[in-house]
Amino acid sequence: MVADVAPFRRPQICLFGDSITQFAFQQGGWGAILASEYQRHADVLLRGYSGYNTRWALELLPYLFPADCPASQTPALVTIFLGANDANRPAPLSLQPEASSRQHVPLSEYRANLETIIRTIRQMGDGSARVLLITPPPVDHNAWHAHCVQCYGLDPNAEPNRHYTVTARYAEVVMAVAASTSTPVADVHSAFASHTDWRSLLDDGLHPSARGHAVIAEEVRETIRRHFPELTPKAPLAPSRSLGGPARLTMDFPDHKLINPTDPGATFAAWRGIIESRKY
């Protein structure tokens with residue numbers, strides 16, 4: 001007979017951002033890579049909103065990260081991956097409709113918005129949510145311009161609405177906000193730029209290719225490992241060893257090889273103590 005126990009819930013890792021996050025669960029996407037690595041360790045939640053900038057993302061905060069969120073529903077970690085759209089160049093742009101700049105957010109406002117998002121997430125629920133910033137990847141403005149000409153009928157002579165140097169300044173702001181708010185950051189922009197063939201990490205000049213998604217996943221994984229080692233997936237250990245070691249994000253419930261076939265209840269009782277005593 002199974003004993004009465006408190007409701008069980010895995011730790012949650014929430015991915016919050018724009019289209020680069022929304023598409024993260026596609027085949028080979030950076031979110032899908034993380035979800036696979038965290039199987040039976042944590043639930044990876046996708047909260048990506050294509051086309052959103054930080055100004056519009058602020059409107060989502062009361063719904064996604066409410067202050068009165070129950071402690072049991074406070075995520076262990078939230079990644080913030082916004083800026084690719086804020087870096088849209090402002091109007092007027094030669095031969096471009098004004099709507100091509102509608103996503104633009106000035107750098108000073110972008111910084112303030114990021115700070116508000118970080119503060120809101122840290123204040124939700126029981127205040128235990130960790131935050132990880134991610135810098136926007138570089139933009140291949142020539143490839144993006146060609147994509148817009150081919151797919152949206154843009155005049156070939158139009159001025160591009162995105163540019164490498166502009167997005168680089170937004171990435172610098174993310175790094176500055178990370179430093180001023182003591183927030184770990186996965187510097188995807190620098191990781192992309194360090195590749196001599198960085199343009200191949202982008203699918204259309206803006207969104208990552210399969211190789212680009214792999215680079216993002218690696219940067220996020222390594223940042224978690226350095227700053228939040230307690231959230232690093234760990235191979236299951238026998239209960240006697242786990243109880244004596246530091247808290248780690250162990251696989252939920254015993255590995256089948258560790259279950260006592262003649263007395264499974266004893267195995268689960270030992271692991272229940274671990275699950276109930278650890279807070280992520």
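## Overall figures

The accessible surface of the protein amounts to about 13300 Å², and carbon and sulfur atoms account for 54% of that area. The model is a predicted one. Of the 280 residues in the protein, 47% are buried.

The secondary structure consists of 11 helices and seven strands. Among contacts in the protein with a separation of 6 or more, 76% are between residues 24 or more positions apart.

## Packing of α5 and α7

Helix α5 covers residues 107-123 and helix α7 covers residues 164-180; their axes come within 10 Å and cross at roughly 40 degrees. The two helices are therefore oblique to each other. The crossing in which α5 passes α7 is right-handed.

On the α5 side, the contact is made by Leu107, Tyr110, Arg111, Leu114, Glu115 and Ile118. On the α7 side, Arg169, Tyr170, Val173, Val174, Ala176, Val177 and Ser180 take part. By residue class, the contact of α5 with α7 has nine nonpolar residues, three charged and one polar.

## Backbone features in loops

The loop between β3 (77-81) and α5 contains Pro92, which is joined to Ala91 by a cis peptide bond with omega of about 5 degrees. Leu95 also lies in the loop between β3 and α5. Leu95 is a residue other than glycine, yet its phi is positive, near 65 degrees.

A positive phi of about 65 degrees is also found at Arg40, which is not a glycine. Arg40 is located in the loop between α2 (30-37) and β2 (43-48). With a relative accessible area of 31%, Arg40 is partly exposed.

Key: Residues are numbered from 1 along each chain as its sequence is written. This is a predicted model: local features need pLDDT of at least 70, side-chain atom pairs count only at pLDDT 80 or more; totals for chains, interfaces and linings use all residues. Side-chain values use heavy atoms; hydrogens and water are left out. Axes are lines fitted to C-alpha atoms, for helices over the stretch in contact, and angles run from 0 to 180 degrees between N-to-C directions. Helices (H or I, at least four residues) and strands (E, at least two) are DSSP runs, numbered from the N terminus. Angles under 35 degrees count as roughly parallel, over 145 as roughly antiparallel, 65 to 115 as roughly perpendicular and the rest as oblique. A crossing is left-handed if the near helix is turned anticlockwise from the far one by less than a right angle, and right-handed if clockwise. Contact means heavy atoms within 4.5 Å. Ala, Val, Leu, Ile, Met, Phe, Trp, Tyr, Cys and Pro count as nonpolar, Asp, Glu, Lys and Arg as charged, and the others, Gly among them, as polar. Buried means under 20% relative accessible area, exposed over 50%, partly exposed in between (1.4 Å probe, protein chains only). Accessible areas come from the Shrake-Rupley method with a 1.4 Å probe; for residues, only the protein chains shown count as cover.
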